[in-house]
Amino acid sequence: MKPAAFAYLRPDSIRGALEALARHGPDARVLAGGQSLMPMMALRVAQPAVLVDIGRIQQLRGIHATPSSVQIGALMRHAELLGSAVVAERLPLLTLALPHVAHAAIRNRGTLGGSLALADPAAEMPACALALDAVMHIAGQAGRRSVAASDFFQGLYTTAVQDGEILASVEFPAAIPGDKPFFDEVSRRRGDYAIAGLAAVRKAKHEVRLALLGCGDRPQRAPKTESLVAEALNRGQQPVRSDIRDALRADIDPPSDLQADADTRLHLAAVLVERASKSWLKGDTP
Ligand SMILES: Cc1cc2nc3c(=O)[nH]c(=O)nc-3n(C[C@H](O)[C@H](O)[C@H](O)COP(=O)(O)OP(=O)(O)OC[C@H]3O[C@@H](n4cnc5c(N)ncnc54)[C@H](O)[C@@H]3O)c2cc1C
């Protein structure tokens with residue numbers, strides 16, 4: 001099938017893009033890397049009358065590091081982030097997770113902003129943003145606003161970005177010495193979206209952050225499981241899988257679908273948390 005007919009605009013500034021979006025209202029859609037939107041249009045799941053291609057807007061590009069944070073432009077491609085020494089050093093969780101995002105050809109075009117704005121619940125970057133407490137900077141005609149990752153993902157493919165707005169950049173708190181990132185996922189084939197996945201960090205001060213993907217309608221933190229794991233690790237012990245599973249049952253309510261039922265997802269999530277705990281415990285042993 002081919003996409004339905006659409007008009008194509010390619011502004012070269014954020015202001016131009018916002019004007020185009022305002023002019024065409026809900027008929028218009030932002031186009032970034034096109035790796036999700038174009039297939040959806042080809043299948044006619046999405047039929048925007050106007051595409052506003054933001055791909056040439058330089059203000060949406062770049063990686064800017066400060067002593068405490070790294071700000072990444074929404075248009076930065078997955079492959080560029082994977083090849084960035086700044087990201088590897090300051091945001092090592094992203095460097096662990098990015099090889100799991102699709103395949104090389106898709107990573108060459110797909111963007112960080114597109115992945116976050118799409119908010120597929122099984123995608124890697126939204127879970128990393130949640131685990132790291134990232135802040136999203138959103139541009140609109142009324143000005144800019146900032147939304148914490150915990151408020152940004154609002155449901156299935158739904159975020160705080162409203163019609164007429166553009167996700168401009170993402171600010172990640174930088175890792176500090178002693179932080180231990182962990183990423184792993186289970187998918188049918190390498191490059192497929194995850195059936196279940198875990199983006200996690202054990203902070204230097206022994207706090208544990210767990211953000212699960214593929215286990216709900218959006219990426220989810222698991223506060224009871226985080227406490228369980230942190231307390232066990234701080235005692236120098238590996239948390240028991242059945243305890244992890246019980247804690248996860250209180251934290252998440254995974255869906256059943258053609259890939260896996262809810263019970264399987266809960267099991268996979270518990271296995272991933274157990275793997276993370278083992279890797280952290282091993283790192284503690286002199
Ligand atoms: C075969 C295949 C496998 C894939 N596997 C994975 C995977 O395992 N994990 C994964 O995470 N992704 C996967 N993807 C998706 C890929 O990562 C996309 O790059 C990403 O989801 C969307 O980024 P994009 O830049 O291509 O966005 P686009 O496709 O251009 O846009 C996606 C959506 O976001 C909106 N949008 C984009 N940028 C902005 C912005 N700055 N502000 C506001 N709205 C915006 C668009 O309007 C659209 O609704 C896969 C894709 C394919 C085709």
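Reader: Which residue has a backbone N or O atom that lies 2.8 Å from an oxygen atom of the ligand?
Author: This is a predicted model, so the distances here are computed from its atoms. A polar contact is a pair of N or O atoms within 3.5 Å. With 2.8 Å between an oxygen atom of the ligand and a backbone N or O atom, the residue that makes this pair is Gly33.

Reader: Which side chains have an N or O atom at 3.1 Å or 3.3 Å from an oxygen atom of the ligand?
Author: At 3.1 Å from an oxygen atom of the ligand there is an N or O atom in the side chain of Arg29. A further N or O atom, 3.3 Å from an oxygen atom of the ligand, belongs to the side chain of His78.

Reader: How much of the accessible area of the ligand does the protein cover?
Author: On its own, the ligand has 960 Å² of accessible area.

Reader: Which element gives the largest share of the shell around the ligand?
Author: Two or more residues of the shell come from each of β2 (28–31), α7 (112–118) and β10 (166–173). The largest share is 5 residues, and the element that gives it is α7.

Reader: How many residues of the shell around the ligand are charged?
Author: There are 30 residues around the ligand, and among those that come nearest are Val30, Gly34 and Glu124. Divided by class, the shell has 15 nonpolar and 12 polar residues, while the number of charged residues is 3.

Reader: Where does the second largest pocket lie, and which domains give residues to its lining?
Author: The second largest pocket has a volume of about 240 Å³, and its lining of 13 residues includes Asp120, Pro121 and Arg265, which are among those nearest its centre. By class, this lining has 7 nonpolar, 3 polar and 3 charged residues. Because residues of the lining come from both domains, the pocket lies between domain 2 (58–173) and domain 3 (180–284).

Reader: What distance separates the centres of domain 1 and domain 3?
Author: The domain assignment places domain 1 at 7–53 and domain 3 at 180–284, with domain 2 at 58–173. Taken over C-alpha atoms, the centres of domain 1 and domain 3 are separated by 36 Å.

Note on methods:
Residues are numbered from 1 along each chain as its sequence is written. This is a predicted model: local features need pLDDT of at least 70, side-chain atom pairs count only at pLDDT 80 or more; totals for chains, interfaces and linings use all residues. Side-chain values use heavy atoms; hydrogens and water are left out. A residue is near a molecule or strand if one of its heavy atoms lies within 4 Å of it. A polar contact is a pair of N or O atoms within 3.5 Å; within protein, one must be able to donate a hydrogen and the other to accept it, and residues adjacent in sequence count only if both atoms are side-chain atoms. Accessible areas come from the Shrake-Rupley method with a 1.4 Å probe; for residues, only the protein chains shown count as cover. Helices (H or I, at least four residues) and strands (E, at least two) are DSSP runs, numbered from the N terminus. Ala, Val, Leu, Ile, Met, Phe, Trp, Tyr, Cys and Pro count as nonpolar, Asp, Glu, Lys and Arg as charged, and the others, Gly among them, as polar. On a 1 Å grid over the protein atoms alone, a cavity is a set of points where a 1.4 Å probe fits but cannot get out, and a pocket is an open set with protein on both sides within 12 Å along at least five of seven lines; lining residues have an atom within 4 Å of a point. Grid points are joined across faces, edges and corners, and a volume is the space filled by probe spheres set on the points. Domain bounds come from an automatic or database domain assignment.
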